[in-house]
Amino acid sequence: MAENDILLSIKDLCVDFSTKEGVVHALKNVSFDIPRGKTIGLVGESGSGKSVTSLATMGLIPNPPGQVTNGQILFKGKDLLTYSESEMRKIRGNHISMIFQEPMTSLNPVFTVGYQIAEVLRLHQGLNHKEARERTLDLLNQVGIPSPHQKIDDYPHELSGGQKQRIMIAMAIGCEPDLLICDEPTTALDVTIQKQVLDLMLDLQTKYDMSMLFITHDLGVIADIADDVVVMYRGEIVEKNKTEEIFIRPQHPYTKGLLACRPPLVKHPKRLVTVSDFMDESGAEKTPPKVVYTDPVRSISETDNPILLDVKGLKKYFPIRGGVFGRVKNQFKAVDDVSFQVRKGRTLGLVGESGCGKTTLGRTVLRLIEPTAGEIIWKGNDIVGLGADDMRKLRRDMQIIFQDPYASLNPRMTIGAAITEPMEIHNIGANKKERLEKAAELLQRCGLPGNVLNRYPHEFSGGQRQRVCIARALAVDPEFIICDESVSALDVSIQAQILNLLLDLQDELNLTYIFISHDLAVVKFISDEVLVMNNGKIVEMADAQTIYTHPKEDYTKRLLSAIPKGIPKTLLDKGIEVLDFSQ
Amino acid sequence: MRYLASKVRGNSLWSDALRRLLDDNLAVFSFLVIVAYVVVAGLASFHLIATHWQDSIGASQSAPQLSGGINHWMGLDIFGRSVFQKTIQGAYTALYVGLVSSLISIPIGVLMGALAGYFGGWVDDLITWIYTTISNIPEILLLVSIAFALGKGIETMCIALGMTSWVGLARLIRAEFIKHKNREYVAAAQALGASNARRIFKHIFPNVLHIVIIGFSLRFVVAIKSEVVLTYLGLGIEIGEGSSWGLMISDAAGELVQGIWWGLASATLAMFPIVLAFSLFTDALRDAFDPKLRT
């Protein structure tokens, strides 16, 4: 490749962060090139250094504590690291733009979106108010905002998440930059919106002949976007290659693990392989176990799998108040006439996009939120009318694991106190000592050492905390657990571990799950039956295999077609549908 | 069993905060100043120092002099009593008022704030109504009426200060409870079968305890200053109940024109370091507990 085809070239970049505990090497000799008009996918999990790389390129490393200790960032042949702050300001937003993960927080809530886009144009391109407004309208058109003349004067809160991300894109491409850095731009969006936004970005890239640096934790997302993929792990580049090569012949064990640990849509493995199957803690390669594929539909027998939970006509309405006296003007129907059954030892998957009412449904079933109407029949008895004391006793049998393991553990309670508390409430174990011993046992069963009982939640990683939450839920020997987006906040490799753990526990303890998620691949992997929800209603319900192979409703079909296949189209066309590196 | 004897100890938010406080030289120094005052006040309350503050030891209104021992360094008052000893006794009174009034106001503030924030609805309306009403009556007016209703004196003043000063803390605690009650860990506790009382006191309360501690420290400064002001106005410490900085300043009102400055100077010089130290220490506490500053 000729030298002038390279737009940005990062050479031996090292970034250190000094913390109280010592110096952290966030980037270690990172080198890669971004050619003109191409897209580079930068893949890694949290803490891999992918965001630090993008911040360094933008000259946005906070100093202190951050410090670029070595290397060059050559943009059109000139080293950006030697630029002064005022010179960098002319580059940022003009020649190199960036789109962030959270469209909700990246826009200033007190200015109209039109003003915010126009501001960039006036600043960098010297347009006057009228010109800037015209260009803004043009940009809004290009990023697919409906009726831009009206939306240009809207405030950010008046737009949906997908629209806000489109606004961010409009702002980023406004000055026709040479390089667009996208830091997890679709992670916070629903799958259908994600697909639209990705398509839009591809269109714009061709139109403006931009280069893109696409940062993500999900290899599936970039399969059809990136020309080359760079895989980062703990501050180092472990592999870089053409996208297709990465997917067919990954070299590094971490890449293999990352590709293999996503639940496949076509086949049904009994357990997911994880990164730790491919490499040990030190990074040495291991031979992974052979993946066992099973029949996705488990048989049901009336004696072993009786109906445990029978929900009939469940409704949860929230009043919408308005006017001077706060009269109820309308009802928001979060859950609207939902009926389903769950069998013992089986998993019901509940899938839908944000705002469809799946979380409200989960919490209403446990009566953490009181239902407006309907029956919740648990082992033959309706629990809707139960008094507070009876309900508390019943909570022993029904548990919930929340999405965010950071928020669902009390920061002021040790792990031991958190796990023994439910036992204390329900009089399990004779004394404190017995309870702590059981807690240690539970932690071990959930894959943590038993000697961490005196530690506080903030000393653990996300995956470890979710294990603690699972141990806490198991402390009361429940029969039934609702997993509310329990793996959504975790890195993909950790996700696979937690999903395996949940399946192991189901086998050992004959647990029953309702598994709520927006991630269809995960739901398909773990569920026997799947329930698709939209606008508070059930759209479709069928066994996991049928719903993916023969969806009946349009909404389900739309949802399914939006899932990233996780494999580049070119490979799918060749008939490669499953990535299995265990052979 | 082997797990229970484990050596793995976590570092809690408290130990983190303590570490940060110890790193802050100004906080440590302020704390030492406070400790020094507490020690002096304690010794005075047990009649170990400044025991003869009521005795005449020389001519009326003698000016400060370095000869004649420490009791003469700050001069003598109109009855020939040592201003030095009176100042020390005044420190005891100030800290006593600070402590007792805080012990009255803080439980009220915490309980009211917690109930209002946690339950919301009519409980919140009622409590908000009560504290809005109290905070709308000028504080001095309220103190005067309580002092008249219960009779003057140091206990009344503590009660009056306690009853009027919980509003600010209740507001803060209410806001924190509203924030915390919707956190997932509280929902998790509910799902595990925890009762309302357990959720309020065992789960949420430890998460807002730092506000109580900061509030306690802040209350102290206000109480010490209020004692002086109220006593000066003749609503606080009665003559004969003990020595107080407020009384000393009140006396100085008539004496200053005669050029007798040492009573006022001693009281204000004694007050200044403790108020400053408490204020600085409160700031340091706030910084130490602020999770946003955590690195």
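This is a predicted model: local features need pLDDT of at least 70, side-chain atom pairs count only at pLDDT 80 or more; totals for chains, interfaces and linings use all residues.
From helix H3(B), the residues B:Val97, B:Val100, B:Ser101, B:Ile104 and B:Ser105 meet a group in helix H6(B) made up of B:Ile154, B:Met157, B:Cys158, B:Ile159, B:Leu161, B:Gly162 and B:Met163. Sorted by class, this contact of H3(B) with H6(B) holds nine nonpolar residues, three polar ones and no charged ones.

How do the two helices lie against each other? Two packed helices are described by the angle between their axes and by the distance between those axes. Here, H3 covers residues 83-119 of chain B and H6 covers residues 154-164 of chain B, and their axes come within 8 Å and cross at roughly 45 degrees. That angle makes H3(B) oblique to H6(B). The crossing in which H3(B) passes H6(B) is right-handed.

Now follow chain B onward to helix H7, residues 167-181. This helix of 15 residues reaches 21 Å from its first C-alpha to its last, close to the 21 Å expected at 1.5 Å a residue. Which residues of H7(B) are buried? They are B:Val167, B:Leu169, B:Ala170, B:Ile173, B:Arg174, B:Glu176, B:Phe177 and B:His180. These buried residues pack against H3, H4 (121-136), H8 and H9 of chain B.

The axes of H7(B) and H9(B) come within 10 Å and cross at roughly 155 degrees. The two helices are therefore roughly antiparallel to each other, and H7(B) passes H9(B) in a right-handed crossing. On the H7(B) side, the residues taking part are B:Leu169, B:Leu172, B:Ile173, B:Glu176, B:Phe177, B:His180 and B:Lys181, and they meet B:Ile204, B:Asn207, B:Val208, B:Ile211 and B:Gly215 in H9(B). By class, the contact of H7(B) with H9(B) divides into seven nonpolar, three polar and two charged residues.

Finally, let's step out to the place where the two chains touch. Here 24 residues of chain B are in contact with 35 residues of chain A. Helix H8 (184-191) and helix H9 (196-232) of chain B each supply at least two residues of the side that touches chain A. Which helix gives the most to this side of chain B? It is H8(B), with six residues. Taken by class, the side of chain B that touches chain A has twelve nonpolar, nine polar and three charged residues.

Technical notes
Residues are numbered from 1 along each chain as its sequence is written. Chains are lettered from A and ligands numbered from 1 in the order in which they are written. Axes are lines fitted to C-alpha atoms, for helices over the stretch in contact, and angles run from 0 to 180 degrees between N-to-C directions. Helices (H or I, at least four residues) and strands (E, at least two) are DSSP runs, numbered from the N terminus. Angles under 35 degrees count as roughly parallel, over 145 as roughly antiparallel, 65 to 115 as roughly perpendicular and the rest as oblique. A crossing is left-handed if the near helix is turned anticlockwise from the far one by less than a right angle, and right-handed if clockwise. Two residues are in contact if their C-beta atoms, placed from the backbone, lie within 7 Å. Ala, Val, Leu, Ile, Met, Phe, Trp, Tyr, Cys and Pro count as nonpolar, Asp, Glu, Lys and Arg as charged, and the others, Gly among them, as polar. The expected span of a helix is 1.5 Å times one less than its number of residues. A residue is buried if 20 or more other C-beta atoms lie within 10 Å of its own, exposed if 12 or fewer, and partly exposed in between; C-beta atoms are placed from the backbone.
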